[in-house]
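Load the model in your viewer and keep the sequence panel open. The tour below goes from one selection to the next and says what is there.

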Amino acid sequence: MMTKGQLSRHILVALIIASAIALGWYSVFNQRKALIEENIIAYQHTELEIARSTARSIEIYIGDQVKVHGRSDSKMLGQEVFDSFIVPIHLLENGHAWLCLKDSAVLGLDDDFVHENWDQGIAEIFEENMFNEAKDYEKMLADIREAREGVGRFVWSARKGEEIAAWTPVRAQRSIWIVGVSTPLSEILESSGAIKQYTFFNTLAWANTALLLCIYFLWLFSTQQQEKTHRELRASEVRYRDLFNSAPDGVSILDKQGTILECSQSTALLYGYSSPKELVGKKLSELMSTNSLKAFRGKMPILQSLNSAEGEIRIIRPDGSFVDVWRKGHPLTDAQGNFSGILSYDRDISEPIRTENEYKKLHQAVEQSANSVVITNLDGGIEYVNPKFLRVTGYAKEEVLGENPRVLKSEEHSEEFYKKMWDTLISGNEWHGEFCNRRKDGSLYWESANITPVFDQSGKITHFIAIKEDITQQIYVERELKKAYQNLEAKVKERTAELKESEERYRLLFERNLAAVYRTSLDGQLFDSNDAFVKLMGYASQEEIQRETAEKFYFTAEDREIFLNNLREKGILSNQETLLRKKDGSPVWLLEEVILGRDEEGENYIQGTAIDITERKEVEKELKESEERYRSFFENSPISLWEEDYSAVMEYMDNLRATGIEDLSAYFDKYPEEVSKCAALAKILDVNPATLKIYEAEDKEKIISNLNNVFTKESLTLFKKQLIAFYEGIVQFEGESITKTLKGKKNNIMLNISPLVDKKVLVSIMDITERKKMEEKLHLQATTDPLTEAYNRRYFFDLAQQEIERSLRYTRPLSIMIFDIDHFKKVNDTFGHAIGDEVLRQISKEFQSMLRENDIFARYGGEEFVILLPETTKEQAGQMAERMRKKCAEAPLDLREASVSLTISFGVSCLGGERLNLDELLLRADKALYQSKEGGRNRVTVWGGEK
């Protein structure tokens, strides 16, 4: 029989056990809830970044279509935007993206909705689909109508259940578009592994229940068993403490004022301290930069409302250096459920941020280059082409990748030409020359090419990179100088910016990886490991991997010995990068936190926590190779390239906006000195050798320190246009201008400015001085008579047609006179053709001096000339013709070889109030001229109708 005391003790223990079981299940419930919320917040952040990136691309595209191409067909433009930017968005299996024009148009809703109509608003669609149990969409509808960015959770159809969505506005000209993405919650949890995690939590809860019941029954049988249980619990606490201190991410516990109560060794090292003791008692406000402190205080209300919060901050270490950290905070509560502190996880992201920025700069420079860039492998297979190559050749990317450059081959070069080129490249030397290639449509074009071998670290050639400039126009101008002026090549289209593949790859690489944990003896016996470690090393189960020793995971015994010596010397290895061998022999890189511990029996053991950084290592290798290719492209480009820092220029533009200036052009007209002031704010970071050649500079320092000496009035005018374009949101700019070399020589240039990262720009400059001279020469040949230097007949017709259309539009008078030198054949027969030509030149020169600036004088043919007189009545034209006739008749031409007396006959016609075309007006003047000749010559006849 039990005594009352024993019975009471048994009842008390049973109540304690039951309470512990209930608390365990309550904890599992809260963990599951927090896990779901954490995944929702993380995924909403991802969706919002996708929506923002897509929105930026759409803004650039719509701005180009509306401003440059004058597009106004919003329906067709919306469909193009949807096909080009929304359809390519890839979410999970049942996720979808959509595009709407505020409350009047929508594209891209999934097939759960009954209607898909451009003219139907999103609010109407939701209302019509409420029978599908659509609900909780009011916030989204309000945000769309107010053009606000937002995230939310909605049930759009019973089939998919609750979905997670994000949306952001696109302000394009006078229209506001909304880009949105959404994904079923069930798929998010499945893809992130959350379902497996809270299944694991449930399993732990059941295991906990079973364990507590076993403890209760064991307690009934033996007090000694209780002591054993206590020892096991103490050992568990030691393992927990070891795991806490060996975590690769910093872990810390803060009170509700932000004071550090406890932290791991990795946290101390991350913050620049040698041990956690130095951090305990410090406030986070003492350790963060000013902007990070503002962000932290902004997150406090979220944590105080018992929700998790995360974001990037910057930590200031004791030595004054900075480190970028991704922090995630979970709220802690007291027994009453009130906010009592913060559990914080910190991860060092300084290196990924720097690496990502460098990669973006390299990628944008190549993608937006004004030259064609082609990269081939050692066998000649094309592995990469930039957009300029596709525009020049007319091929699509998928048509050339994997192909040999011979797809562009024309019949202009011999096999010996190509053999010499490949012999040069295979020998490791650069090749420079010109190609005649064939586009996809069969047309030929010329390129100036610079092909360079790319070597690996061992000095072996792995690829070839070709930088090519289209010189077709130059070649054809040189070959056909006497041909009529041809239209120049169309300007290069604006390039589209930024791909987000690199950003997503880094996010997947560095965020939310489950850590692998293991425990071994010093001689390599594996005591314990978690499933993540088993999977990481390529084994099927715990049992299989525990049959191995740690030496099996190293490639050499020396590697294992070096690892042990370092651990014995330091006691803890933080951020240790280790190369191990998986079961199948393949390499895997780990980032480890390892400690040398001692158990209760005094035996040493090794415990480590690791994450897989193999992909990061490969990315770092690729980025290093990409940077080398970029530097090769920059330094060897035949086009002048400038890297400039526009931070101060952007700040100047922001200050102007803050003052409320709307018309920047009018502002610069009023304060022209501001253009020169702003030009001085652009800071040159680097220039390539081609720049030194164009501006006759001895070295880079000469051109950078004497930048003001290359500016001219024309170049400052172009810079003013560039500033206005930036002010209006156009980040891509190009134009033509005139600059000076450091020796004072003027040159014509074509300038292109493309944005890079961190408010930097890439400026490319092409010297077009020779091309401009050729254009002027061709224009002169195409518009003037070579003998008299008056306009020729064809150009006169072009100008006269424009003046007649203007006169008819505004009902203004206009007259035409045709005159012919009387008996000019006698002049040639008497004095010779040389004197006859001089007579034509003198008549042309003297009569042009009598005309107004807007009058048009041209040689009509032989000894016949024509004059168009805008804003001139019939009477005024007759008087002008009479003055010319008298001047010629009364004074002979005094030439050096002879004195020649001449008379001239005139015919005049006027537009008046009639609507006549140019041919009719010339016909009337010609008939009037004929009447002058029939009437005895040396007279002026004004058209008055048929006689």
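**Stop 1: a lysine and a glutamate**

Select lysine 552 and glutamate 548: the two form a salt bridge in which the closest N and O atoms are 3.5 Å apart. Lysine 552 counts as partly exposed, because its relative accessibility is 38%. Side chains of opposite charge can pair when their charged atoms come close. This model is predicted, and a search of the whole structure finds 34 salt bridges.

**Stop 2: confidence**

Colour the protein chain by pLDDT. The mean is 81, and 88% of the residues reach 70 or more.

**Stop 3**

Go to lysine 328 and glutamate 38. Their side chains meet in a salt bridge, with 2.0 Å from N to O. Lysine 328 belongs to strand E9 (residues 322–333) and glutamate 38 to helix H1 (residues 4–68), so this pair ties together parts that are 290 residues apart in sequence. Is lysine 328 buried or exposed? Its relative accessibility is 11%, and the cut-off for buried is under 20%, so lysine 328 counts as buried.

**Stop 3: helix H27**

Select residues 793–810, which make up helix H27. Within this helix, arginine 794 and aspartate 798 lie four residues apart, about one turn of the helix. Their side chains meet in a salt bridge at 3.8 Å, N to O. Both partners count as partly exposed: arginine 794 has a relative accessibility of 48%, and aspartate 798 has a relative accessible area of 36%.

**Stop 4: strand E6 and its partners**

Select strand E6 (residues 250–255). The strand is mostly covered, with five of its six residues buried. Next, show strand E10 (residues 339–348), which pairs with E6 in the antiparallel sense over six bridges. Across this pairing, isoleucine 253 stands opposite leucine 343 of E10.

Strand E7 (residues 260–263) also pairs with E6 in the antiparallel sense, over three bridges. Here the bridge partner of isoleucine 253 is glutamate 262. E6 and E7 form a hairpin that has four residues between the strands. Stop at glycine 258 in the turn, where phi is positive, about 90°.

**Stop 5: a five-strand sheet**

Which order do the strands of the open sheet of five follow? The order is E17-E16-E20-E19-E18, with antiparallel pairing. Select the edges, strand E17 (526–529) and strand E18 (572–581): each has a single partner strand, so one side of each is left without a neighbour in the sheet. Looking across this sheet, neighbouring strands are turned by 30° against each other on average, direction ignored.

Finish on the pair at one end of the order. Strand E19 (residues 587–598) runs antiparallel to E18, and eight bridges join the two. To find one of these positions, select leucine 579 and its bridge partner in E19, tryptophan 589. In a regular strand the side chains alternate between the two faces of the sheet.

Conventions
Residues are numbered from 1 along each chain as its sequence is written. This is a predicted model: local features need pLDDT of at least 70, side-chain atom pairs count only at pLDDT 80 or more; totals for chains, interfaces and linings use all residues. Side-chain values use heavy atoms; hydrogens and water are left out. pLDDT is the predictor's confidence in each residue, from 0 to 100. Two strands pair if DSSP finds at least two bridges between them. Axes are lines fitted to C-alpha atoms, for helices over the stretch in contact, and angles run from 0 to 180 degrees between N-to-C directions. A salt bridge is a side-chain nitrogen of Lys or Arg within 4 Å of a carboxyl oxygen of Asp or Glu. Buried means under 20% relative accessible area, exposed over 50%, partly exposed in between (1.4 Å probe, protein chains only).
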